[in-house]
Amino acid sequence: MLSTRATTKLCSPKQAAQLGRVVLPLHRATSSIPGCPAALRITAVYTSQHPSSSRSFSTTTPNHLKDFFPAKETGFIRTTPPAWPHHGYTEAEMLAVEPAHRETKTVGDWMAWKLIRLCRWGMDFVTGLTPDQQVDMKHSTTATSASKPLTEAQWLVRFVFLESIAGVPGMVAGMLRHLHSLRRLKRDNGWIETLLEESYNERMHLLTFMKMCEPGRVMKLLILGAQGVFFNAMFLAYLVSPRICHRFVGYLEEEAVHTYTRCIRELDAGLLPKWTDEKFVIPDMAVRYWNMPEGKRTMRDLVLYIRADEATHRGVNHTLGNLNQKEDPNPFVSVYRDGKEGQRPVAALKPTGYEREEVIG
């Protein structure tokens with residue numbers, strides 16, 4: 001956090017005084033978040049709809065804000081389109097998504113679920129949730145009401161941390177299946193592309209939220225540590241049991257759907273005024289990636305798109321966890337026999353995943 005004393009070396013006394021009148025109230029505002037370390041606090045800063053101030057949440061003013069993922073400026077290249085353009089959703093598809101939970105059926109399922117519960121506890125701790133901000137813990141994956149809402153700052157910390165982790169499993173699984181295909185000299189039957197696209201999609205979620213906030217050093221350290229542990233653990237686990245890993249990711253995505261559903265309901269209830277303000281503008285990269293139409297570019301619309309993505313990952317991974325890991329084709333990209341294209345599985349609307357006999361036959 002900047003102070004007026006620190007800024008005197010960077011600007012005139014008059015400018016430093018003006019900056020201090022902005023920064024110090026923001027510093028006091030962040031101290032009201034219970035249990036949230038200072039380096040994790042992210043304070044909302046309203047900006048106009050001027051193109052130079054499209055990033056609306058940070059610990060600094062827009063003029064001092066650093067873009068963590070700036071576009072590379074070159075003499076000839078104008079822009080780099082996404083490797084996997086988003087396929088889009090209808091509004092009805094997005095509104096149909098709901099939190100759900102697949103009951104454990106095997107020892108592997110139970111292990112994956114208990115590990116996710118531990119991760120959920122860690123997420124709540126990092127976010128600084130107080131007891132009155134907790135949902136009914138007996139139904140923590142489906143309950144979305146609490147006596148006290150999260151703040152916009154807490155939501156952003158939660159989103160950034162969640163998406164920085166969620167982009168790892170698809171990359172690890174896709175990499176190992178790629179090597180497995182080369183080693184066995186056999187086709188992978190569509191799994192690799194879906195897993196890598198999932199990882200790419202999760203990274204786009206992270207980049208979008210990074211346009212809205214600037215994490216502190218503690219947050220960066222937590223992400224670095226979590227990613228280092230998680231990547232290596234997922235790498236080793238996928239070598240041992242891909243099925244359990246996909247079940248684990250299915251449960252992880254259940255938590256993501258729960259997180260975004262709760263955020264949507266708090267937005268609808270008017271509990272997040274900074275994001276419902278008419279002056280709030282979502283990042284341009286989100287509008288381009290999801291092809292968001294005019295009039296449907298609010299924070300609520302953005303969260304709806306992201307929740308639908310997570311619901312798709314939830315259904316895909318629970319389904320992949322039900323298949324023969326070495327021989328079955330990926331049912332979500334396969335061409336079906338006898339003109340049954342209309343029966344292709346829709347992962348977002350099958351929260352517990354498809355059983356093998358439903359999609360393989």
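Start by selecting His205 and Glu163: their side chains are joined by a polar contact of 3.4 Å. A polar contact is a pair of N or O atoms within 3.5 Å; within protein, one must be able to donate a hydrogen and the other to accept it, and residues adjacent in sequence count only if both atoms are side-chain atoms.

Before moving on, note that this is a predicted model: local features need pLDDT of at least 70, side-chain atom pairs count only at pLDDT 80 or more, and totals for chains, interfaces and linings use all residues. Residues are numbered from 1 along each chain as its sequence is written, and side-chain values use heavy atoms, with hydrogens and water left out.

Helices (H or I, at least four residues) and strands (E, at least two) are DSSP runs, numbered from the N terminus. Glu163 is buried, at 1% relative accessible area. Buried means under 20% relative accessible area, exposed over 50%, partly exposed in between (1.4 Å probe, protein chains only). Not counting residues up to four places away in sequence, Glu163 touches Glu202, His205, Leu206, Phe209, Tyr260, Ile306 and Glu310. Contact means heavy atoms within 4.5 Å.

Now His205, in helix α7. His205 is buried at 0% relative accessibility. Leaving aside neighbours within four places in sequence, its contacts are Glu163, Trp290, Ile306, Asp309 and Glu310.

Glu202 lies in helix α7 (residues 191–210). Its relative accessible area is 0%, hence buried. Beyond neighbours within four places in sequence, Glu202 is in contact with Glu163, Ala166, Gly167, Glu253, Glu310 and His313.

Move to Glu253, in helix α9 (residues 242–268). Glu253 is buried, with a relative accessible area of 1%. Residues up to four places away in sequence aside, Glu253 touches Glu198, Glu202, Glu310, His313 and Arg314.

**Stop 1: Arg314.** At 1% relative accessibility, Arg314 is buried. Show Thr352 too: 38 residues separate it from Arg314 along the chain, and their C-alpha atoms are 7.7 Å apart. Not counting residues up to four places away in sequence, Arg314 touches several residues, including Val97, Glu98, Pro99, Glu253, Glu254 and Pro351.

**Stop 2: α6 against α7.** Select helix α6 (residues 168–184) along with α7. Their axes come within 7 Å and cross at roughly 155 degrees. Axes are lines fitted to C-alpha atoms, for helices over the stretch in contact, and angles run from 0 to 180 degrees between N-to-C directions. The pair is therefore roughly antiparallel (under 35 degrees is roughly parallel, over 145 roughly antiparallel, 65 to 115 roughly perpendicular, the rest oblique). To finish, show the side chains: Gly170, Met171, Ala173, Gly174, Arg177 and His178 in α6 meet Trp191, Ile192, Leu195, Leu196, Glu198 and Ser199 in α7.
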